[in-house]
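Here is a short tour of one protein chain. Keep the 3D view open while you read. Find each residue as it comes up.

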Amino acid sequence: MFSLKKTGTILCALTIGLSGVLAGCGSSSKDQSASAGSTSQPAASTASSGPVQIDFWYALGGVRGKTIEDMVKKFNETHKDIIVKPAYQGAYQENHSKVLASVAAGNNPDVTMVEIASIAAFADAKVLEDLTPYSQGDEKKYIPGLMKNSYWNDKLYAVPFNRSTPLLYINRDMLKEAGLDSNGPKTWDELVSFSQKLSKKEGDKITRYGFSTPVDIWFYEALVFQGGGNILSENGKELTINNEAGKAPLELWSKMVKEGIMKNPPGENYNAWDVAEQDFLNQKVGMIFTSTGSLTELKKNAKFDMGAAFLPANKTFGTPTGGANLVMLAKSTDAEKKAAWEFMKWMTDTEQTVPWSIASGYMPVTTEAIDSAEMKAFYEKEPNFKVAVDQLQYGYPRPMAPGYKELQDVIQKELQRAMLGQATVDEAMQAATEKGSKLLKK
């Protein structure tokens with residue numbers, strides 16, 4: 001059992017690190033029933049005069065958020081002893097900050113989505129409930145390659161929900177017109193040569209770029225893996241990017257930007273993603289990196305033959321998995337936790353993950369779903385949707401360390417400094433390493 005007083009201190013520090021704002025770190029009535037860290041069987045439900053009500057905070061808006069709301073409605077219609085109240089709380093980072101603040105204030109949700117690289121930070125801060133007593137082996141239904149960001153210190157804290165990998169999206173019409181293989185480049189060298197042939201200029205003005213990608217930590221991780229490197233040491237205590245594998249992505253992107261064949265989309269975080277996707281739809285770029293989760297919307301809006309492909313290989317293919325997992329909050333009551341597990345299990349069962357995948361573009365999360373007749377028929381009709389699943393054979397988990405939640409922001413800022421010419425590649429990697437070492441030693 002952990003100390004509630006200690007947990008509150010950790011939460012204060014973690015929340016301040018995220019947002020710089022903390023409403024308060026007092027205890028709540030839920031403290032009395034918190035059982036975080038317990039490995040015993042969940043307690044039996046206490047007598048109740050009505051259904052158990054739980055709060056579910058999610059982090060996807062738009063059409064995907066509407067789909068989640070519809071799923072929750074169906075759950076409520078089929079589970080008369082549980083009422084789930086869904087609430088959209090903004091994108092991942094905003095939701096993370098709100099969850100941490102809510103735990104400190106004692107009005108936390110019972111289930112929420114956490115971006116997979118942040119699972120360790122939440123688990124280490126005792127915010128999450130160990131799911132092992134609840135799952136009782138049910139976790140074996142999930143695709144193994146999607147489970148590597150579910151554990152921390154050998155305990156199960158999360159189950160996969162909206163999971164993705166980065167993909168290379170290609171304008172097949174544009175590639176055919178340029179006399180290129182419409183299946184896209186397979187290597188970094190081909191990415192450069194394809195981009196050279198796709199780019200266009202009018203005088204000194206570039207009117208079309210061959211390639212564009214947000215300078216984002218997720219894509220950087222992929223290219224480091226492709227060079228045989230890792231972001232963190234095996235024990236998670238050291239940043240390991242100040243070397244050939246860590247510098248190669250920046251050297252590639254910088255060279256392509258200088259040559260005028262790659263656009264570095266402006267904007268921070270997801271704003272740059274939006275710019276890249278809009279440029280792609282407007283045919284101002286021929287190829288982009290973006291998430292599997294964008295597949296449905298890009299397909300719907302593209303006025304050209306759009307394809308999806310593996311990220312091009314350097315020494316090997318490689319991709320991080322991404323997206324978010326569902327987690328249970330440690331401060332919920334025993335009755336809320338039992339209801340929360342029923343909800344989490346249902347949301348990720350094959351019957352739900354198949355239509356969720358087809359509607360959203362995210363990968364299905366159970367092995368049974370991959371082998372289902374419905375999914376096979378869908379992949380036959382829409383082969384782009386199977387690319388991410390096939391690419392999982394080269395998949396890596398995102399780095400798992402409590403400090404990585406903040407460290408990834410440090411790395412990303414140094415990547416952007418190098419891309420904007422404010423630092424050399426060597427200076428950026430050195431600065432990231434020095435700042436990262438301090439964070440990882442906290």
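## Lys-148 and its contacts

Lys-148 touches Gly-395, Pro-397 and Met-400, not counting residues up to four places away in sequence. Keep in mind that this is a predicted model. Lys-148 sits in the loop between helix 5 (132-135) and strand 4 (151-152). Is Lys-148 buried, partly exposed or exposed? Its relative accessible area is 47%, so Lys-148 is partly exposed. The cut-off for exposed is over 50%.

Now look along the sequence. Lys-148 and Thr-321 are 173 residues apart there. In space, their C-alpha atoms are 9.3 Å apart.

## Asn-235 in a loop

Met-400 comes up again with Asn-235. The two are 165 residues apart in sequence. From C-alpha to C-alpha, Asn-235 and Met-400 are 9.6 Å apart in space. Asn-235 belongs to the loop between helix 8 and helix 9 (244-259). Its relative accessible area is 55%, so Asn-235 is exposed.

## Salt bridges

Side chains of opposite charge can pair when their charged atoms come close. How many salt bridges does the model have? The count comes to 16.

Start with Glu-221 and Arg-398. Their side chains meet in a salt bridge, with 2.7 Å from N to O. This pair links distant parts of the chain, 177 residues apart. Glu-221 lies in helix 8 (residues 217-226). Arg-398 lies in the loop between strand 15 (395-396) and helix 17 (404-419). Both Glu-221 and Arg-398 are buried.

## Two pairs within helices

Lys-300 and Glu-297 form a salt bridge through their side chains, at 3.2 Å from N to O. Both lie in helix 11 (residues 295-301). They are 3 residues apart, about one turn of the helix. Lys-300 has 53% relative accessibility, so it counts as exposed. Glu-297 has 33%, so it counts as partly exposed.

Next come Arg-417 and Glu-414. Their side chains also meet in a salt bridge, at 2.9 Å from N to O. What separates Arg-417 and Glu-414 in helix 17? Because they are 3 residues apart in helix 17, about one helical turn lies between them. Arg-417 has 28% relative accessibility and so counts as partly exposed. Glu-414 has 3% and so counts as buried. Salt bridges that share partners join Glu-115, Glu-221 and Arg-398 into one network.

## Helix 17 against helix 18

Two packed helices are described by the angle between their axes and the distance between the axes. Helix 17 and helix 18 (residues 425-440) pack at about 170°, with their axes 9 Å apart. Therefore helix 17 is roughly antiparallel to helix 18; the cut-off for that label is over 145 degrees. The crossing of helix 17 past helix 18 is right-handed.

Which residues meet here? From helix 17, they include Leu-407, Val-410, Glu-414 and Arg-417. From helix 18, they include Ala-428, Ala-432, Lys-435 and Leu-439. By class, this contact has 10 nonpolar, 1 polar and 5 charged residues.

## Thr-433 in helix 18

Thr-433 lies in helix 18. Is Thr-433 buried or exposed? Its relative accessibility is 17%, so Thr-433 counts as buried. The cut-off for buried is under 20%. Leaving aside neighbours within four places in sequence, Thr-433 is in contact with Leu-239 and Asn-242.

## Helix 7 and Ser-195

Helix 7 spans residues 188-198, and Ser-195 has its place there. The buried residues of helix 7 are Trp-188, Leu-191, Val-192, Phe-194, Ser-195 and Leu-198. What do these buried residues pack against? Their partners are helix 6 (172-177), strand 8 (200-202), strand 9 (205-212), helix 8, helix 9 and strand 11 (285-291).

Zoom in on Ser-195. Its relative accessibility is 0%, so Ser-195 counts as buried. Leaving aside neighbours within four places in sequence, Ser-195 is in contact with Gly-210, Phe-211, Met-256, Ile-261 and Met-287. Ser-195 and Pro-185 are 10 residues apart in sequence. Their C-alpha atoms are 9.3 Å apart in space.

Definitions and conventions:
Residues are numbered from 1 along each chain as its sequence is written. This is a predicted model: local features need pLDDT of at least 70, side-chain atom pairs count only at pLDDT 80 or more; totals for chains, interfaces and linings use all residues. Side-chain values use heavy atoms; hydrogens and water are left out. A salt bridge is a side-chain nitrogen of Lys or Arg within 4 Å of a carboxyl oxygen of Asp or Glu. Helices (H or I, at least four residues) and strands (E, at least two) are DSSP runs, numbered from the N terminus. Buried means under 20% relative accessible area, exposed over 50%, partly exposed in between (1.4 Å probe, protein chains only). Axes are lines fitted to C-alpha atoms, for helices over the stretch in contact, and angles run from 0 to 180 degrees between N-to-C directions. Angles under 35 degrees count as roughly parallel, over 145 as roughly antiparallel, 65 to 115 as roughly perpendicular and the rest as oblique. A crossing is left-handed if the near helix is turned anticlockwise from the far one by less than a right angle, and right-handed if clockwise. Contact means heavy atoms within 4.5 Å. Ala, Val, Leu, Ile, Met, Phe, Trp, Tyr, Cys and Pro count as nonpolar, Asp, Glu, Lys and Arg as charged, and the others, Gly among them, as polar.
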